[in-house]
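Hi there,

Here is the structure I promised to pass along. Please have a look at it, and then read on for my notes.

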Amino acid sequence: MRGAQSALTSSSNAQHLLELVQSRKATAGVIGLGYVGLPLAMTIANSGFKVVGFDIDPGKITAIDAGKSYIEAVSDDILNGARENGGFIATCDFSQLADCDVIAICVPTPLTKYRDPDLSYVENTCREIASSLRPGQLVVLESTTYPGTTDGVVKTILEKTGLRSGTDFFLGFSPEREDPGNRDFQTSTIPKVVSGDGADAATLMTAFYGAVVKTVVPVSTNATAEAVKITENVFRAVNIALVNELKVVYEAMGIDIWEVIDAAKTKPFGYMPFYPGPGLGGHCIPIDPFYLTWKSREYDLPTRFIELAGQINTAMPGHVVGRLAEALDLHLGKALSRSKVLVVGLAYKKNVPDIRESPSLKLIELISERKGQVSYFDPFVAEIPKTREYGDLLGMKSVSWDQQTIESFDAVLVATDHDNIDYASLSEWSPLIIDTRNAFAKRGIVAKHIIKA
């Protein structure tokens with residue numbers, strides 16, 4: 001790390017922190033122990049640093065203290081391995097931030113009901129950090145946001161202490177790149193984009209993350225790093241919107257969009273497959289593009305492409321429920337208002353328990369609004385927890401998986417194609433199936449009562 005050392009200015013605070021990082025004597029704090037924060041904390045701890053995890057949810061701290069992980073990407077064995085010899089502790093006591101040399105912010109950045117950025121979690125966290133901020137600390141924002149947040153919002157709050165970024169404390173941004181359920185990549189093996197407010201912060205960011213992940217990708221400014229993350233998610237949102245729109249068009253033409261995509265992806269260049277669905281879910285794609293849309297208004301530059309993609313993707317649950325109502329009428333001669341519907345799959349993607357922004361929640365709401373009786377089955381989600389937008393669904397439980405139960409429903413709507421579902425039995429037990437994920441055809445199950453949507 002001699003190159004990093006020589007790149008520092010004469011700042012004694014930066015020099016001391018760099019030495020702590022290089023010797024693995026630095027203590028790292030991770031604020032927000034969710035799908036991003038807990039895997040990051042484990043990765044840092046496994047790299048030889050002492051880690052303190054912070055969260056406002058006492059339930060998470062209780063689970064960690066009991067050695068029980070609540071995140072699929074972190075097993076109990078990994079958690080307890082990190083906790084051995086005090087290598088990782090978790091707390092709700094934010095006064096312990098004063099003992100941390102590096103602080104990573106991994107808190108939610110949702111949208112308001114008007115689709116404007118809600119930075120309240122970031123702002124409140126920064127105020128907590130500011131209350132004990134001291135010289136020689138590196139503060140890193142990992143939460144996805146619009147370009148300018150780190151240097152504008154975070155820096156402004158922290159500098160109200162009288163300490164100065166780049167001299168007293170150091171500030172950087174490194175976007176999270178977690179993909180729940182993807183076993184091919186872990187936090188340590190996903191390339192990490194890093195940036196800093198000034199040369200010393202950039203050097204410290206490269207040194208610290210270079211010590212905990214395999215590949216570090218430095219960029220010139222925090223705003224650039226923030227734009228990298230937004231660009232990644234805009235790319236996915238726009239392409240998913242494209243295939244969702246094509247799905248609707250090809251349905252009208254009697255063409256199977258899934259067959260089209262399977263054939264198109266055989267082209268070895270110039271094409272990348274994206275797949276349609278009942279709507280967007282997760283903590284990134286349905287939300288992050290609107291952060292850029294909001295910020296672009298400051299420059300009087302409309303983001304028409306992004307906004308159109310958002311409109312298309314947001315309309316998908318309504319399209320699916322429309323197809324459900326039509327199929328009930330044509331195949332069973334029943335109105336949706338007199339039908340019992342089972343939504344299969346509550347999680348936003350297959351093989352995970354993550355329901356954040358899941359379109360399945362919207363599907364349940366829309367079916368209920370049309371007076372249909374609706375239940376759900378998900379092998380990963382036994383009960384609907386508290387959500388920001390669907391409070392009425394709190395406590396709804398997954399139905400049991402057996403022939404008698406499934407046969408009691410007029411229709412099944414497959415919203416999430418978990419691999420551990422018996423699709424052959426489902427095909428036999430249900431008189432009508434609306435498949436939004438091509439789950440049956442992928443398994444060679446084709447029947448007249450299975451309708452793609």
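Below is what I found, grouped by region.

First, some ground rules. This is a predicted model, in which local features need pLDDT of at least 70 and side-chain atom pairs count only at pLDDT 80 or more, while totals for chains, interfaces and linings use all residues. Residues are numbered from 1 along each chain as its sequence is written, and side-chain values use heavy atoms, leaving out hydrogens and water.

Nine of the ten residues of α3, which spans 37–46, are buried, so the helix is largely enclosed by the rest of the structure. Here buried means under 20% relative accessible area, exposed over 50%, and partly exposed in between, with a 1.4 Å probe and protein chains only. Among the buried ones are L38, M42 and I44. Just after α3, G48 takes a positive phi of about 100°.

I44 is also one of the residues with the most contacts inside the largest nonpolar core, together with F88 and Y209; that core has 43 residues. A nonpolar core is a set of buried Ala, Val, Leu, Ile, Met, Phe, Trp, Tyr and Cys residues joined through side-chain atoms within 4.5 Å. A second, separate core of 40 residues includes I31, V52, Y146 and L158. In soluble globular proteins, nonpolar side chains tend to be buried together.

Next comes helix α9, residues 222–253, which holds V249 as well as N222. N222 is buried, at 0% relative accessible area, and its side chain makes a polar contact of 2.7 Å with that of S195. (A polar contact is a pair of N or O atoms within 3.5 Å; within protein, one must be able to donate a hydrogen and the other to accept it, and residues adjacent in sequence count only if both atoms are side-chain atoms.) V249, by contrast, counts as partly exposed because its relative accessibility is 37%.

The T436 side chain reaches the backbone oxygen of V414 at 2.7 Å. Leaving out residues up to four places away in sequence, T436 touches several others, including W258, P276, V320 and A453 (contact means heavy atoms within 4.5 Å). A453 lies in the segment after β13 and is buried as well, at 2% relative accessible area. Between A453 and D435 there are 5.9 Å in space, C-alpha to C-alpha, although they are 18 residues apart in sequence. Among the residues that A453 touches are K247, E251 and R323.

E357 has a positive phi of about 55° without being a glycine; it lies in the loop between β9 (340–344) and α13 (359–369) and is partly exposed, at 27% relative accessibility. K371, also not a glycine, has a positive phi of about 70°. K371 is in the loop between α13 and β10 (373–377) and counts as exposed, at 61% relative accessibility.

Definitions and conventions. Helix = DSSP H or I, 4+ residues; strand = E, 2+ residues; numbered from the N terminus.
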